[in-house]
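These are my notebook entries on a predicted model.

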Amino acid sequence: MTAILLDGKAVASTIRSEIADETSKFKADHGVVPKLAAVLVGEDPASQVYVRNKQRACEAAGIDSELHRLPGDLAETQLLKLVSDLNHDASVHGILVQLPLPSTISTEKVLQAVNPTKDVDAFHPENVGRMVQGKPRFLPCTPQGIQQLLIRQQIETAGRRVVVIGRSDIVGKPIACMLGNRGVGGDATVTICHSKTLELNTITRQAEILIVAIGRPKFVTAEMVQQGAVVIDVGIHRSDEGLVGDVDFASVAPLAGAITPVPGGVGPLTVAMLLKNTLRAAQLSLPA
Ligand code: NAP
């Protein structure tokens with residue numbers, strides 16, 4: 001068996017063109033231009049690339065964006081003041097604080113300071129709570145991208161055994177929650193694994209859908225995967241052979257039923273979902 005390649009780039013491109021159409025209609029109907037404010041603290045090269053890609057994607061979809069670049073030695077109070085100013089700026093609909101922040105700043109404090117109605121990353125506890133209850137305002141971008149990929153590739157989740165490796169607040173926990181919630185792209189039976197999980201291979205081999213967000217290059221190998229499983233690789237690592245994921249693609253692809261590549265899998269969908277959330281924030285900002 002050779003796995004079907006789940007082309008996240010192509011799916012993201014379709015979603016981005018849908019968002020561009022919807023944005024253009026929204027602007028014509030309401031005279032409002034959706035706007036994202038991105039906040040970048042410090043000089044982390046990967047973060048700079050991510051923010052640039054997000055801004056370019058906004059531009060292509062007809063969404064305005066502004067970048068606030070701040071020095072790495074910034075005081076936490078100054079960052080909180082900027083977030084507060086953006087919360088009160090009616091022309092800004094979405095606020096994105098690029099992570100990681102310098103260790104001198106409390107990420108939790110900053111993310112909690114973002115107005116939940118502008119929280120397009122969906123990291124604020126209010127939005128996390130709404131997601132858990134199955135009444136989301138925004139869904140977090142990477143998990144939402146994975147769910148959209150499954151839905152649009154017609155991969156059934158209802159009643160299927162899903163294993164998620166990783167329990168981060170950004171990927172593992174929310175994707176596990178979303179796939180277990182009721183509704184389209186949900187209703188799965190989900191197991192979450194982490195660094196304290198015993199007999200990891202035995203559990204992952206039971207997965208019909210295996211989602212890997214562990215942050216270790218090529219960690220998942222063929223002996224961890226059931227024949228015919230759908231494998232979603234969230235990991236991104238720079239290596240001598242270019243970008244690689246958390247899954248050892250060469251050994252897993254021959255036995256998987258379907259698999260995401262790295263690059264070109266989950267990454268492009270994350271950006272597309274940020275656009276979707278920014279447009280939604282603008283839609284929600286209209287008077288009722
Ligand atoms: P993270 O915060 O570092 O979390 C990693 C998780 O993996 C933790 O829950 C950890 O368990 C678990 N883990 C570590 N070693 C393990 C082991 N030996 N066995 C089982 N579980 C283990 O990572 P993250 O933020 O979720 O990111 C994961 C990967 O996805 C990274 O490569 C990141 O760069 C990538 N990523 C990609 C996108 C995208 O758009 N494509 C977006 C976000 C992240 P403990 O909780 O017990 O420590």
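Entry 1, on terms. I take helices (H or I, at least four residues) and strands (E, at least two) as DSSP runs numbered from the N terminus. With that convention I place proline 263 in the loop between β11 and α10.

Proline 100 sits in the loop that runs between β4 and α4 (107-113). I also noted alanine 122, a residue other than glycine whose phi is positive, near 60°. I located alanine 122 in the loop between α4 and α5 (125-132). I recorded these places because most residues other than glycine have a negative phi and most peptide bonds are trans.

Which residues come nearest to the ligand? Of the 22 residues around the ligand, I list Arg167, Ser168, Ser195, Val234 and Thr270 as those that come nearest. For arginine 167, I find an N or O atom of the side chain 2.7 Å from an oxygen atom of the ligand. For serine 168, the corresponding distance from a side-chain N or O atom to a ligand oxygen is 2.6 Å. Arginine 216 places a polar side-chain atom 3.1 Å from a nitrogen atom of the ligand. Taken alone, the ligand exposes 930 Å², and I note that the protein buries 71% of that.

I next sorted the shell by class and by element. Its residues divide into nine nonpolar, ten polar and three charged. Helix α10 (residues 266-284) supplies the largest share of the shell, three residues.

In what order do the six strands of the open sheet run? I read the order as β1-β11-β8-β7-β5-β6, with parallel pairing. The edge strands are β1 (4-5) and β6 (189-193), each of which pairs on one side only. I looked within the sheet at strand β8 (residues 230-233) and strand β11 (residues 258-259), which pair in the parallel sense over two bridges. There, valine 231 stands opposite isoleucine 259 in β11.

My search of the whole structure gave one cavity of 30 Å³ or more. The largest cavity holds about 40 Å³ of space. I list its lining as Ile95, Leu96, Val97, Leu111, Val114, Asp119, Asp121 and Phe123. By class, six of the lining residues are nonpolar, none is polar and two are charged. Strand β4 (residues 94-97) gives the most to this lining, with three residues.

How much space lies in the largest pocket? I have about 1200 Å³ for the largest pocket. Its lining has 45 residues, and Tyr50, Thr142, Ile236, Gly267 and Thr270 lie nearest its centre. The elements that give two or more residues to this lining are α2 (45-61), β4, α6 (141-152), β9 (237-239) and α10. I find the largest share, eight residues, in α2. The lining of the largest pocket divides into 25 nonpolar, twelve polar and eight charged residues.

I noted β4 in the lining of the largest cavity and in that of the largest pocket.

Note on methods. Residues numbered from 1 in each chain as written. Predicted model: local features only at pLDDT ≥ 70, side-chain atom pairs only at ≥ 80, totals over all residues. Heavy atoms only, no water. Near = heavy atom within 4 Å. Polar contact = N/O pair within 3.5 Å; in protein donor to acceptor, adjacent residues only side chain to side chain. Areas by Shrake-Rupley, 256 points an atom, 1.4 Å probe, with all protein chains shown as cover. Nonpolar A, V, L, I, M, F, W, Y, C, P; charged D, E, K, R; others polar. Pairing = 2+ DSSP bridges. 1 Å grid on protein atoms, 1.4 Å probe; cavity = no way out; pocket = protein on both sides within 12 Å on 5 of 7 lines; lining within 4 Å. Points joined across faces, edges and corners; volume = space filled by probe spheres on them.
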